[in-house]
Amino acid sequence: MSGNSLTITDNRTGKQYDVPIENGTIKAMDLRQIKTADDDFGLMTYDPAFMNTASCKSRITFIDGDKGILEYRGYPIDQLAEQSTYLEVAYLLLHGELPNQMQLSEWIRNITYHTFINENIKKVMDGFHYNAHPMGMFEATLGALSTFYPDAKEIFDADSRWKQIYRLIAKVPTIAAFAFRHRIGMQYAYPDNDLSYEGNFLNMMFKTTELTYKPDPVLEHALTVLFILHADHEQNCSTNAMRNIGSAHTDPFSALGGAAAALYGPLHGGANEMVLRMLNEIGSVEKVPEYIKRVQAGEFRLMGFGHRVYKNYDPRAQIIKQVAYEVFEVTGRDPLLDIALELERIALEDEYFVKRKLYPNVDFYSGIIYQAMRFPVDMFPVLFAIPRTSGWLAQWVELLEDPDQKIARPRQVYLGRRTRDYLPIEQRQTAAADVARTSVV
Ligand code: ACO
């Protein structure tokens, strides 16, 4: 019996097993040897929603939820948000190290070169209904893009893989902005490759009659910070979807479409929209105490508060709050900010929230900023997906290079009926409920 192991006694058989512990985990497959008989399948773990299962080893993003720490490749998120740019962070996530000047220039050039989309993709987008949700258009267009790049199937060819990475990081802002313009019936604004990544996105979103769009530097910087904060967050729902689809060796365009679909859900990328709805519903600072009382009474939850992983202030929320003040200097102060600040002030002192370790999360302030920047609410999940593309791709590359990984294929605990003979239809008995239903029809 080694010191770094777990001894398990199976009380069904009285047998003991010694299972190694590595990196604070035991291998689920080591449990398979625990059997009651030779023909027993062996012990499995039951873990719906992966509450306590590590699905991979990763070297990309570190989170300590109790201490409120978030690091990309070891760099604290606040240092990156303060000093870096989104494309530099994307390089860091994908390469593992910060680039030198030459590497960064080449990286930016490669991405900028791919910002345009095929004119036929534009026609695909034209086919969407006038009021199609931009996130639906976004994910569907990513799937459609895979048909334009058959070379994307060469996922084990390093050159091809990098090319798809450039294409995807470059094209997601274009697709996002085109989805928005289609929705409001405005002609598409083509990429301006003289602008920064973020500045060009603002150009494609908001350019009207001006010959050259000049992004406001404060808003451009706000977008940089928001993009950095959203670039990766280890094994969340959409990243897990990206890895799951990628494990079947699907091309990255299709896999990214699937990851975007996971992000679309209100439990994942849609929470900031719910924060805005809540702030509008509260309506004024005076009504905040009454609203908090209703939260305490269990009527509903305070949106933008609490997190599965962070049991401390979400480090991203702190940074975003600062950005909100900078943005309002340009756009004018949104009265919703005062409601948000009062909610936060009361909640952070209140026993209900303190006891449950509920703090503002990344979504508490981001929606107010996006609204002040004139992004409509249904663009919020798309604004999340643009920067998360680099994180999804970094996790996808790590998956493909990991010799431990295979096609993802969980087990199940089967509780249904076992083998029985097929009955011809005239011999099947009709249940009373079916008779009642048929007669209603
Ligand atoms: N408002 C009021 N009470 C809350 C809140 C909240 N926002 N969040 C959790 N609680 C309470 C629960 O009622 C529970 O109380 P109890 O012990 O008396 O029953 C306790 O805190 C623990 O809650 P859980 O649901 O077990 O916490 P979990 O970690 O499963 O949930 C979640 C995390 C889903 C984020 C939750 O805090 C929540 O619903 N927050 C509001 C929605 C939100 O802001 N989501 C965005 C998350 S960030 C992101 O995904 C990018």
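1. The ligand shell. The residues of the shell around the ligand comprise 8 nonpolar, 5 polar and 5 charged. Here Ala, Val, Leu, Ile, Met, Phe, Trp, Tyr, Cys and Pro count as nonpolar, Asp, Glu, Lys and Arg as charged, and the others, Gly among them, as polar. This is a predicted model: local features need pLDDT of at least 70, side-chain atom pairs count only at pLDDT 80 or more, while totals for chains, interfaces and linings use all residues. Residues are numbered from 1 along each chain as its sequence is written, and side-chain values use heavy atoms, with hydrogens and water left out.

2. Nearest residues. There are 18 residues around the ligand (a heavy atom within 4 Å). Arg301, Leu302, Gly304, Phe305 and Tyr352 come nearest.

3. Polar atoms at the ligand. A backbone N or O atom of Gly304 lies 2.8 Å from a ligand oxygen atom. Asn361 places a polar side-chain atom 3.0 Å from an oxygen atom of the ligand. For Lys311, a polar side-chain atom lies at 3.4 Å from a ligand oxygen. Taken alone, the ligand exposes 940 Å², and the protein buries 67% of that. These areas come from the Shrake-Rupley method with a 1.4 Å probe.

4. Helix 11. This helix covers residues 271–282. Helices are DSSP runs of H or I, at least four residues, and strands are runs of E, at least two, numbered from the N terminus. At 1.5 Å times one less than its number of residues, the 12 residues of helix 11 should span 16 Å; its end C-alpha atoms are 17 Å apart, which agrees. Just after helix 11, Gly283 takes a positive phi of about 85 degrees.

5. Burial of helix 11. Its buried residues (under 20% relative accessible area, 1.4 Å probe, protein chains only) include Ala271, Val275, Leu276, Leu279 and Ile282. Their cover includes helix 12 (288–296), helix 14 (335–349), helix 16 (363–372) and helix 17 (380–400).

6. Asp10. This residue sits in strand 1 (residues 5–10). Asp10 is buried, with a relative accessible area of 7%. A polar contact of 2.9 Å joins its side chain to that of Arg12; such a contact is a pair of N or O atoms within 3.5 Å, and within protein one must be able to donate a hydrogen and the other to accept it, while residues adjacent in sequence count only if both atoms are side-chain atoms. Leaving out residues up to four places away in sequence, Asp10 touches Lys15, Tyr17, Ile34 and Lys35. Contact means heavy atoms within 4.5 Å.

7. Ser55. This residue lies in the loop between strand 2 (15–20) and strand 3 (61–64). At 35% relative accessibility, Ser55 counts as partly exposed. Beyond its neighbours within four places in sequence, Ser55 is in contact with Asn240 and Gln405.

Technical notes. Buried < 20%, exposed > 50% of the residue type's maximum accessible area, 1.4 Å probe, protein only.
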